[in-house]
Amino acid sequence: MVLSTLAASDLSAQDRPSRLRHEFGLWVGASNPMPGTRVDEILDANVGAGGFYRINWPWVLYTEFGFSWSQYFSRTTQQLTVAPVYAALAYELPIDFKVQSFIKLGGGGAWLEVRPANRSGWDPLLYAGLEFSLAASRRLRVGLRLDYNLVYEKHLDPPQDELFLLGTTDPRFLEAEIYEVDNGHFFHFGLFVSYAF
């Protein structure tokens with residue numbers, strides 16, 4: 001009798017669904033410098049892509065890890081590759097509607113590679129996002145993502161040759177544009193598909 005009771009409790013435990021829900025997703029869409037910023041004056045929009053993993057933890061929040069990749073060209077020879085990696089907390093807005101809506105905030109790092117200067121490295125990243133999705137099936141969701149990336153570069157020092165030119169009295173360099181260190185503002189608007197289990 002004891003064995004049958006233990007076996008029954010084991011079987012009922014297997015029938016109970018897990019409270020944790022894992023979700024993997026991929027997105028593709030437009031990657032743009034934020035209009036009105038210094039970066040927007042130099043770089044053009046392009047296509048970007050990325051992915052994410054999300055779990056419904058902690059409490060009423062979701063934890064999301066994500067990455068993306070985008071390459072920006074300009075009307076000159078300048079070219080920038082940006083590959084952000086982030087972790088964020090997401091909150092599902094309590095809207096009584098078929099569309100699931102999430103608001104997200106987090107941070108991480110962004111790998112930047114500048115051509116033709118051949119400069120590259122990691123910079124701190126602030127991440128914010130909005131997401132709207134519909135259930136295509138029991139496990140599959142499709143939707144729209146709007147992600148904002150602030151690449152923090154204000155902590156960097158200008159190149160040493162630029163600092164040297166600022167103190168010169170040579171008239172050939174007086175008309176040169178003064179080097180400024182500025183943060184990068186980018187946003188992505190993409191379509192995504194995700195699988196939950």
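Entry 1, the ground rules. I am working with a predicted model, in which local features need pLDDT of at least 70, side-chain atom pairs count only at pLDDT 80 or more, and totals for chains, interfaces and linings use all residues. Residues are numbered from 1 along each chain as its sequence is written, and side-chain values use heavy atoms, with hydrogens and water left out.

Entry 2, the loop between strands 2 and 3. I looked for Pro58 and found it in the loop that runs between strand 2 (46-55) and strand 3 (61-73), where strands are DSSP runs of E with at least two residues, numbered from the N terminus. The peptide bond joining Trp57 to Pro58 is cis, with omega about 5°. Trp59 lies in the loop between strand 2 and strand 3, and I noted its phi near 50°, which is positive although the residue is not glycine.

I then turned to Pro116, which sits in the loop between strand 5 (100-115) and strand 6 (119-135). Arg115 and Pro116 are joined by a cis peptide bond, and here omega is about 0°. Asn118 lies in the loop between strand 5 and strand 6, and I recorded a positive phi near 55° for this residue, which is other than glycine. Asn118 has 53% relative accessibility and so counts as exposed.

Conventions: Helix = DSSP H or I, 4+ residues; strand = E, 2+ residues; numbered from the N terminus. Buried < 20%, exposed > 50% of the residue type's maximum accessible area, 1.4 Å probe, protein only.
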